[in-house]
Amino acid sequence: MKTRRTNLMLIALLLLLAAIFLLPVLLVVLNSFKSRLYISAAPFALPDGDTFVGWENYLTGLRSAGFAAAFGRSVFITVGSVLLLVVGCSMTAWYLARANGWWPKILYLLFVFSMIVPFQMVMYTMTYVVGQLELDSVVGILPVYLGFGSGLTVFILSGFVRGIPRELEEAAMMDGAGPLQTFFRVIFPVMRPTAVTVSILNAMWIWNDYLLPYLVLGTDQKTIPVAIQIAMQGAYGSTDYGGLMAMLVLAIIPIIAFYLIGQKYIISGVVAGAVKG
Amino acid sequence: MYKRFYRWFPVFVLPTLAAFTVAFLIPFVMGIWLSFHRFTTIKNTHFVGWENYTRAFADEGFMGSLRFSALFTVVSLITVNLLAFVLALALTRRLRGVNLFRGIFFMPNLIGGIVLGYVFSLLVNGLLGFWGVDITYAATYGFWGLVALNTWQLTGYMMVIYIAGLQNVPSSLVEAAAIDGAGAFSTLWHVKLPLVMPSITICTFLTLTNSFKMFDQNLALTAGAPERQTQGLALDIYNTFYGRIGWQGVGQAKAVLFFLLVAAVAGIQLWLTRRREVDA
């Protein structure tokens, strides 16, 4: 009886806390359907006959700030970078795990080291180097993300590759398979669960990243976070809060959808990233 | 057998290594070099020795943001981990809707700093609006607003790690403690806590580094207002680089100090909590 009462109280408390956690997002959704004039004046009021504007904010938001283009860029950059990272870093991780000598160890330590360096340490010089190499485009930023993400990605994948028995690949090589064939036919399929996990971690980071695309691509080639920041700065008084609310909702929806699809992998990714860290 | 394989270095390692060199290694070395120079562009530099570092330490903005970040990190460390651990304890019990609750608490973590900052500001400024002020009214509002935002974002992530840790505590140990007459609290204190110490190490490490390095949330919620009093280290460094002409060298020196500080704090913390880890 006693545990039943405590469980009920616990559920009540959890419900309250869950409501608090959801409140900010629900508030934005609610306000995205209100006329912009009523958003900052009365954010908690439900939309009614006067203030309800239907999908209008979504239409103006999409049009005004070039949000649709920003959305496309964000998708392209995230997908492209994640593919490069997964393929590039799993090959690197395998090679480094199998190669003997001092230099693979040094290289591995450099990758690990890069994880603790704050972005501010390299942001100015990185922007310069990337500009010199003319990588300041939607395609050029892909190798930049490969470079920045390689630390964590190589680290997590290496931890996994070391657990793969060498007999597996030796059998393949004995049968005359070249290194590339061995890797893609034998090793990569074994790595797949970890590769999915690491892809999700990278996708969440790149999709949400603000400062790197802002510094590298500038305001002409906005990604979603940059577009939102610009729209917001773009001024007190003249900011179209209605459009902004719609943009916030549109920025969140893909993430929630992604989460609902890949929940299992995301949670295991968090735990994997943590255990290795 | 691997002899042939080693020759494939250009295919397997070189692309990643080249990108890593361009995006990280070269900028890192250049950054250290530049911190000893006065410059407006990288092609126009003038060696000044330690001058940038002495100017950084003399800069009230830098010292102010150092205090702000330190206090913010300490408070977040407590709020995030306490709430996350309590939630993990509750959500490892047999309850209805456990997975739904986990999902809801984890959700804010998926949303990036900029978006999350603006989502949160609607609520906070809406509430403060009842008193006719907003979050930029006073530094204390900004500080606690950022703590609340950080807690909202990080709690679910840490909760997931604590849940994994708690699930690894062998139930035989918990039962043995109960048979020996240990109450719920003493089981928690003497059995569960020592065994989840690895999770505590990781969570304090992640909270510490994330809170110290916070940038996006800071920019979106307060942007340092009022008068740079709610400016964390990362934002101060950014503003030194891009907001103050003639201060680029100081900005780079601050960034080097920031890096050393994050590395030192994280190192000390890992050493302190690792000592307390035990095996089941």
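B:E227 counts as exposed because its relative accessibility, 72%, is over the 50% cut-off. The model is predicted. B:E227 is found in the loop between helix 12 and helix 13 of chain B, and its phi is near 45°, a positive value in a residue other than glycine. The phi of B:A223 is about 50°, although B:A223 is not a glycine. With 45% relative accessibility, B:A223 is classed as partly exposed.

This loop, between helix 12 (216-221) and helix 13 (233-243) of chain B, also holds B:P226. B:P226 is joined to B:A225 by a cis peptide bond, with omega at about -5°. As background to these backbone angles, most residues other than glycine have a negative phi, and most peptide bonds are trans.

| Residue | Relative accessible area | Class |
|---|---|---|
| A:C89 | 0% | buried |
| A:S90 | 0% | buried |
| B:C203 | 0% | buried |
| B:L82 | 58% | exposed |

A:S90 is part of helix 3 (residues 67-98) of chain A. A polar atom of the A:S90 side chain lies 2.6 Å from the backbone oxygen of A:V86. Leaving aside residues up to four places away in sequence, A:S90 touches A:L85, A:L157, A:F183, A:F188 and A:M191. A:S90 is buried because its relative accessibility of 0% falls under the 20% cut-off. Over all chains, the count of disulfides is 0.

Another element of chain A, helix 10 (residues 224-233), has 7 of its 10 residues buried, so this helix is largely enclosed by the rest of the structure. Its buried residues are A:I224, A:P225, A:V226, A:A227, A:I228, A:Q229 and A:M232.

B:L82, by contrast, is exposed, with a relative accessible area of 58%. B:L82 lies in helix 5 (residues 60-91) of chain B. Between B:L82 and B:G129 there are 30 Å in space, C-alpha to C-alpha, and the two are 47 residues apart in sequence.

Chain B as a whole contains 14 helices and 2 strands. Its C-alpha trace spans about 75 × 75 × 30 Å along the principal axes. Of its 280 residues, 56% count as buried. Where contacts in chain B involve residues at least 6 apart in sequence, 70% of them join residues at least 24 apart.

The remaining topic is the interface between the two chains. Here 84 residues of chain B are in contact with 91 residues of chain A. Together the chains bury about 8100 Å² between them, with 81% of this area on carbon and sulfur atoms. Helix 3 (residues 14-34) of chain B supplies the largest share of the side of chain B that touches chain A, namely 16 residues. By class, that side of chain B has 66 nonpolar, 11 polar and 7 charged residues.

How many salt bridges and polar contacts are counted between chain B and chain A? The count of salt bridges is 0, whereas 11 residue pairs are in polar contact, both residues being at pLDDT 80 or more.

Note on methods: Residues are numbered from 1 along each chain as its sequence is written. Chains are lettered from A and ligands numbered from 1 in the order in which they are written. Side-chain values use heavy atoms; hydrogens and water are left out. Contact means heavy atoms within 4.5 Å. Buried area is the accessible area (1.4 Å probe) that two parts lose on being put together, summed over both. A salt bridge is a side-chain nitrogen of Lys or Arg within 4 Å of a carboxyl oxygen of Asp or Glu. A polar contact is a pair of N or O atoms within 3.5 Å; within protein, one must be able to donate a hydrogen and the other to accept it, and residues adjacent in sequence count only if both atoms are side-chain atoms. Helices (H or I, at least four residues) and strands (E, at least two) are DSSP runs, numbered from the N terminus. Ala, Val, Leu, Ile, Met, Phe, Trp, Tyr, Cys and Pro count as nonpolar, Asp, Glu, Lys and Arg as charged, and the others, Gly among them, as polar. A disulfide is a pair of cysteine sulfur atoms within 2.5 Å. Buried means under 20% relative accessible area, exposed over 50%, partly exposed in between (1.4 Å probe, protein chains only).
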